[in-house]
Amino acid sequence: LNNLVNSVELKDHQIEGVAWLQSLFRQNLNGCLLADDMGLGKTLQLLYFIEWHAQYINSDKPYLIVAPVSLLENWEMEYRRFFNPLTLELRIMFGSSGIGREFSKSEVSDLQRKQLILTNYESLRLFQMNLCAVDYSIVVLDEAQKIKNPGTLVTNASKALKADFKIAMTGTPVENTLVDLWCIMDFSVPGLLGNAKDFSRRYQKPLNNEDTDILVLGEQLRTQIGFFIKRRLKIDVAKD
């Protein structure tokens, strides 16, 4: 990208990550889970992918990044720091800078413009009537373990978002049980792992049996998720 500032150079694993995102998108696949370890630059990979998409693919749809409120400023700072000029107008939306809770055709129309919208999970839940009426180009959930629990209000709002491509980002895709992973993948690639009940029967319940070969079970799950997950640990990319 010609607007990546000169002082920034993607590391090898970041180049690989961006290429993976581009490959999935070009194959018309629904989305993915970027589960790189903390500290490997997931934010830059995602911003680079969004800038590439905004410059070469998208014509008029908006982009949405949902993150904990403590990280919204970081997303804004990194976008302004890494790219000059910015391809997308930035709109930061949370708290009193949000929109109405009731559906508004004019507010949806204003959101539908080509722009990069940053919001937090609480605002997504509060303003879902309008946010979920927008047709996005790309939706990103940062710290996606926020939607690890099926059926919660914020999980339901996240899964109601409409987008050409959905990306979940988290360095901890499994915090409590494997159902955490199912719920996050059900946002990114609905149907890939079946329904929650069948998934739990196949992968979660066998863990209660001491005769279960955990390595074999884990390999089966990784095979089923396949190309839709990218997870690198710091030790894997130490050379970078």
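Reader: How many residues does helix α3 have, and how far does α3 reach from its first C-alpha to its last?

Author: This is a predicted model. Helix α3, residues 69-82, has 14 residues and reaches 21 Å, close to the 20 Å expected at 1.5 Å a residue.

Reader: Which residues of α3 are buried?

Author: Start with the general idea. An α-helix has 3.6 residues a turn, so residues three or four places apart point the same way. In α3 the buried residues are Leu 72, Trp 75, Glu 78, Tyr 79 and Phe 82. They cover an arc of only 135 degrees around the axis, which puts them on the same side of α3. Ser 70, Glu 73 and Arg 81 are exposed on the other side.

Reader: What do the buried residues of α3 pack against?

Author: Their partners are α2 (42-56), β2 (63-66), β3 (90-93), β4 (116-119) and β6 (162-169).

Reader: Which residues does a cis peptide bond join?

Author: Again, the general idea comes before the case. Most residues other than glycine have a negative phi, and most peptide bonds are trans. Here, a cis bond joins Asn 84 and Pro 85, with omega about 0 degrees. Pro 85 is in the loop between α3 and β3.

Reader: What is phi of Asn 28, and what is phi of Glu 143?

Author: Phi is near 60 degrees for Asn 28 and near 50 degrees for Glu 143. Asn 28 is in the loop between α1 (12-26) and β1 (31-34), and Asn 28 is exposed, with a relative accessible area of 68%. Glu 143 lies in the loop between β5 (135-141) and α7 (153-159); Glu 143 is partly exposed, at 25%.

Conventions: Residues numbered from 1 in each chain as written. Predicted model: local features only at pLDDT ≥ 70, side-chain atom pairs only at ≥ 80, totals over all residues. Heavy atoms only, no water. Helix = DSSP H or I, 4+ residues; strand = E, 2+ residues; numbered from the N terminus. Expected span 1.5 Å × (residues − 1). Buried < 20%, exposed > 50% of the residue type's maximum accessible area, 1.4 Å probe, protein only. Arc of directions from axis to C-beta. Contact = heavy atoms within 4.5 Å.
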